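This report concerns a single protein chain. The sequence and the model are shown first.

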Amino acid sequence: MRQVAERAGVSAKTVSRVMHDDRYVSADVRQRVERAIAELGYVPNVLARTFRSGRDAVIGVAVPSISDPFFAALTGEVERVARARGVAVLVTSIGTDPAHEQAAVHALLGRQVTGLIMAPVAADQSYLRPCQDRTVIVFIDRPPARIVADSVVEDDLGGAHAATTHLLRHGHRRVGFVGDTLAIATTARRLEGYRAALADAGIDPDPGLVALTAASDEDSAKALVDLLSLPEPPTALFSSNARTSIGIIPALQAAGRTDVGLVSFGDFPLAAALQPPVTVIDQDPASVGRTAATRLFERLDHPNRRLKRRIVLPVPLISRGSCRGRPGPDCG
């Protein structure tokens with residue numbers, strides 16, 4: 001920083017003000033400093049700055065899979081918020097096996113992150129209690145178990161209820177549910193919302209229409225084939241997450257079943273471009289990531305401030321053309 005200051009003809013403090021985007025720095029000074037930074041290839045030593053100031057330098061993000069469209073978009077938004085503060089982000093995939101969660105998260109915490117944003121897959125996160133004195137933890141998408149911490153979740157029950165009701169209003173009476181496992185809290189809540197919508201419509205739930213084996217694209221396709229092979233198959237499907245939907249749609253196309261309605265919990269790339277375009281419950285992963293990152297930095301900046309622990313984000317239904325069945329007023 002001293003070298004940058006000498007080349008730009010300013011003080012080191014002025015260089016620091018430029019790098020922190022101080023609005024009281026003149027345009028001429030800012031231009032000189034930025035030119036000197038570029039010429040010298042200066043990169044701030046964030047770790048050293050952390051030692052001096054005690055402020056956060058690195059936060060971690062732990063999600064089941066960074067290739068999942070939802071978690072990829074969420075992580076990207078966390079990185080955007082962190083970048084604006086000059087904070088680096090370390091990302092790890094913890095997978096979907098609950099047995100692997102603790103080791104993966106501990107490996108990330110071993111990097112001395114000052115904050116952690118994670119989507120849990122195990123049934124117990126109490127192993128993180130000893131870490132809370134030195135690391136701010138915010139859970140996303142799924143609430144934690146056996147630990148008190150902030151969480152940012154979507155209205156899974158309400159969104160599933162809206163999705164199922166949407167299909168029922170378009171003439172479907174046999175609506176299938178396709179998901180992964182009830183061990184994942186989001187799947188359990190969405191199944192609850194699906195069943196509540198059926199009950200509200202006076203329809204007895206048929207356990208044979210619920211497939212909880214869609215852990216991969218191949219599993220999703222097989223679940224679809226099994227459901228459509230029933231003596232009384234479903235005329236429409238509620239897919240409990242975007243990953244499951246991505247496995248279902250090619251299988252529907254391969255079977256030539258353009259008559260089966262579909263609503264996906266979670267949007268995904270090209271969902272609006274398919275024929276017919278897929279009706280979705282919009283999770284808005286960017287909003288989840290932004291809200292979680294904002295809460296994490298609030299905790300770091302104001303550790304004694306009283307804030308509510310649980311933030312529930314709304315999930316609106318985006319009606320496109322995949323409801324099929326009897327035409328309705330809001331079906332594309």
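## Basis

The model is predicted: local features need pLDDT of at least 70, side-chain atom pairs count only at pLDDT 80 or more, and totals for chains, interfaces and linings use all residues. Residues are numbered from 1 along each chain as its sequence is written, and side-chain values use heavy atoms, with hydrogens and water left out.

Helices (H or I, at least four residues) and strands (E, at least two) are DSSP runs, numbered from the N terminus. Buried means under 20% relative accessible area, exposed means over 50%, and partly exposed lies in between (1.4 Å probe, protein chains only).

## Helix α9

Helix α9 spans residues 217–228, 12 residues in total. From first C-alpha to last it reaches 17 Å, close to the 16 Å expected at 1.5 Å a residue; the expected span is 1.5 Å times one less than the number of residues. Its buried residues are S220, A223, L224, L227 and L228. These lie on the same side of α9, because they cover an arc of only 125° around the axis, taken from the directions from the helix axis to the C-beta atoms.

The buried residues of α9 pack against β6 (175–178), β7 (210–211), β8 (236–239) and α10 (242–254), where contact means heavy atoms within 4.5 Å. On the face turned away from the buried side are the exposed residues E218 and K222.

## Salt bridges

The whole structure contains 19 salt bridges, each defined as a side-chain nitrogen of Lys or Arg within 4 Å of a carboxyl oxygen of Asp or Glu. One of them joins R7 and E39, with the closest N and O atoms 3.1 Å apart. This pair links distant parts of the chain, since R7 is in helix α1 (residues 2–8) and E39 is in helix α3 (residues 27–40), 32 residues apart. R7 is partly exposed at 48% relative accessible area, and E39 is partly exposed at 46%.

D124 and R146 form another salt bridge, also given as 3.1 Å from N to O. D124 is in the loop between β3 (115–118) and β4 (136–140), while R146 is in the loop between β4 and β5 (150–154), 22 residues apart. D124 is partly exposed at 26%, whereas R146 is exposed at 57%. R190 and D156 meet at 2.7 Å, N to O; R190 belongs to helix α8 (residues 185–200) and D156 to helix α7 (residues 156–168). Both R190 and D156 are buried. Salt bridges with shared partners also join D150, R295, E298, R299 and R309 into one network.

## Strand β11

Strand β11 (residues 310–313) has a covered face, I311 and L313, and an uncovered one, R310 and V312. In a regular strand the side chains alternate between the two faces of the sheet. Strands β5 and β11 run parallel and are joined by 4 bridges; pairing requires at least two DSSP bridges. E154 stands opposite L313 in β11.

## Nonpolar cores

A nonpolar core is a set of buried Ala, Val, Leu, Ile, Met, Phe, Trp, Tyr and Cys residues joined through side-chain atoms within 4.5 Å. The largest has 24 residues, and those with the most contacts inside it are I59, I117, I140 and V152. Two or more residues each come from β1 (58–63), α5 (69–84), β4, α11 (285–301) and β11. The largest share, 6 residues, comes from α5.

Leaving aside neighbours within four places in sequence, I117 is in contact with G60, V61, A62, V78, V138, I140, A292, A293 and L296. Apart from this core lies another, of 19 residues, among them L228, A242, I249 and A271.
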